[in-house]
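Thanks for coming. I will go through one model, starting with a helix on a sheet and then moving along the chain. Please keep the view open while I talk.

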Amino acid sequence: MADASRVLLGLGGCVDFELKLTAGVLEQLVAEYGIRLSELDSPGPVTNERDLVVSILGYVARGGGGEHFVASAPALETFAGRFPHRQTLGGTSVRAGILLDRLGIPSTLHLVSVNDTVRRLAPASAEYISSGTEDTLYPHLIVQYDKGLRVSVGEVVLEAPFPNRLIYVNDPANDTMALTGDLGERLSQASVFLISGFNAMRDKGLLDERMTALREHMRQLPAEAVTYFEDAAYHEPAFSRTVREALIDRIDIYGLNEDELQAYLGRSVDLLSVREIAAALADIRVLIAAPTLVLHTKYWALAVGDRAPSYAEALDTGTVMAATRYVRGDDYTDEDVAALRARPRRPESVGFAAAIEERLGDGVRCVPGFELDVADPTTVGLGDTFVGGFLSALALEVC
C-alpha cells in the first residue's frame, strides 16, 4: 500500500514539551508555594503554576493520569523550564501517524496548527493538511513520573504507586478545532478514518457547529470505510456526551482507556477482576453504543461487540507497539519489537484474558499485556501508540 489518502487521521495535533518529574524540584516548589497536603484531595482549576503543582501532586499520590486545560500559558512554560525537556509531536492522530510511518503505512494527517517543529518532525511518508491560515505554536506540557517517585509534602511522603503521564494544555488552535473545507472530498478516498481531538474544545456553540460540519463531511466516506473514534479526557466533561451523541451512529470502533472508563462510570474498577470488568463493560455499553468498543489498559486490551473476534490481531499489534514504546521510547528498532514479542505476558493478565473470554463468550476478545519491569519507562503516548498499532492492522486488511 502506498497511497496516503487511504488512511486519514484527525483532527488535531500539537507540539509537546515532554519532561520527567524529579522529587527535588517538586519539593522546592511545595516549599516555595506553601502547598499543604489537604489541598491535594480536591484540586480546583489550574490558573497558575501553584495550581499546576497541586494538580500534579494529586495525580502522583494515586498513580493516575489525566489531561487539563490551563488558563495561563506562561505557567506551562515556566514549569517546563524547571526541568530538562524535549520537543516532540503529539496528539493521538499524529502519534498514530508516526507509528504507521515506522510500519511502512503512509497516511494523511488533518492538523489545526503548523509550524517549523511540525515540518521538521512530521513522519516522512505522511501528507498533512491544516485548517490553520498561518504558523502557530501552542505547546502542550506532557509530564511523566515513575513508579516509586517520593515527594515530601509537610510531614507526609507521597509515593507514586504506578508510573503515568499528565497533559496540561492552553491551545487556541485545538480549542476551536477548525476543519478544512476539503475534508469531505478527502474522506471520499479513505478506507480508515480516525477521529480524535475534540476534548480540548470549551465553547459549546462552536462544538455543535463542528459536529454538524463533521457529520456533513463524513457523508462522503465510502460505505466500507472503518471509522475509529479515540476518547480522551475532556476539558469540559459534559462535552463528551455532546460529541458522543453527535457521532455515535457513524462510529464503527470506539476506543478508550481505564481512566476514561472509570470517569464515565463514576467508580474505580479492579482491572484484574473478571466480575468487576464484566459489570463495567455492561454499564459502559449502555452509555457508548458503538458496534465495537475497544478498551486498552496497562494490563490488557479487549474488544467487545459482534465483530470483536475479527479485531484480535489489531488488539495484539496495538499491545505490542505500546509495550515497545513503554520499554524503548521513540528509539526502538525492528529488533526491539521482535524482542518485545518474545517476552512473557503477565501471568495475571493471561488469566484474566482467558476468564473474561470464557465469561462473555464470542462477543469479546482480550489480549494480555506483557511482563515489563523497566527502570525508566516511557509513559507518554502509550494509548496513541496502541491506536496506531491497531489501525495498522486495519489498514493492511482494508486498504
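Start with helix α2, residues 49-62, which lies across β3, β7 and β10 and runs at about 155° to β10. Helices here are DSSP runs of H or I with at least four residues, strands are E runs of at least two, and both are numbered from the N terminus. Axes are lines fitted to C-alpha atoms, for helices over the stretch in contact, and angles run from 0 to 180 degrees between N-to-C directions.

Before going on, this is a predicted model: local features need pLDDT of at least 70, side-chain atom pairs count only at pLDDT 80 or more, and totals for chains, interfaces and linings use all residues. Residues are numbered from 1 along each chain as its sequence is written, and side-chain values use heavy atoms, with hydrogens and water left out.

Which sheet is under α2? The strands β3, β7 and β10, which α2 lies across, belong to an open sheet of five strands with mixed pairing, in the order β3-β10-β7-β2-β4. Its edge strands, each pairing on one side only, are β3 (66-69) and β4 (85-90). On average, neighbouring strands in this sheet are turned by 25° against each other, direction ignored. Two strands count as paired if DSSP finds at least two bridges between them. Inside the sheet, β7 (140-145) and β10 (164-169) pair in the antiparallel sense over five bridges, and Y145 has N164 of β10 as its bridge partner.

Now the other sheet. Nine strands form an open, mixed sheet in the order β6-β5-β1-β11-β12-β13-β14-β15-β16. The edges are β6 (127-130) and β16 (364-368), each pairing on one side only. Strands β1 (7-9) and β5 (108-111) pair in the parallel sense over two bridges, with L8 opposite T108 of β5. Helix α12 (312-328) packs on this sheet, touching β14 (292-296), β15 (300-305) and β16, and its direction makes about 25° with that of β16. Contact means heavy atoms within 4.5 Å. Helix α14 (347-360) lies across β15 and β16, at about 175° to β16.

Is S196 buried or exposed? S196 sits between β11 (192-195) and α8, and S196 is buried, at 5% relative accessible area. Buried means under 20% relative accessible area, exposed over 50%, and partly exposed in between, with a 1.4 Å probe and protein chains only. Apart from neighbours within four places in sequence, S196 contacts G10, L11, G12, T92, S93 and E230.

Last, two helices. Helix α8 (204-218) and helix α9 (239-247) pack at about 20°, with axes 10 Å apart, and are therefore roughly parallel; angles under 35 degrees count as roughly parallel, over 145 as roughly antiparallel, 65 to 115 as roughly perpendicular and the rest as oblique. The residues in contact include L207, M211 and L214 of α8, and F239, V243 and L247 of α9.

How many residues of α9 are buried? Seven of the nine are, so α9 is largely enclosed by the rest of the structure. The buried ones are F239, S240, T242, V243, R244, A246 and L247. They pack against β11, α8, β12 (226-230), β13 (253-257), α10 (258-265) and α11 (274-287).
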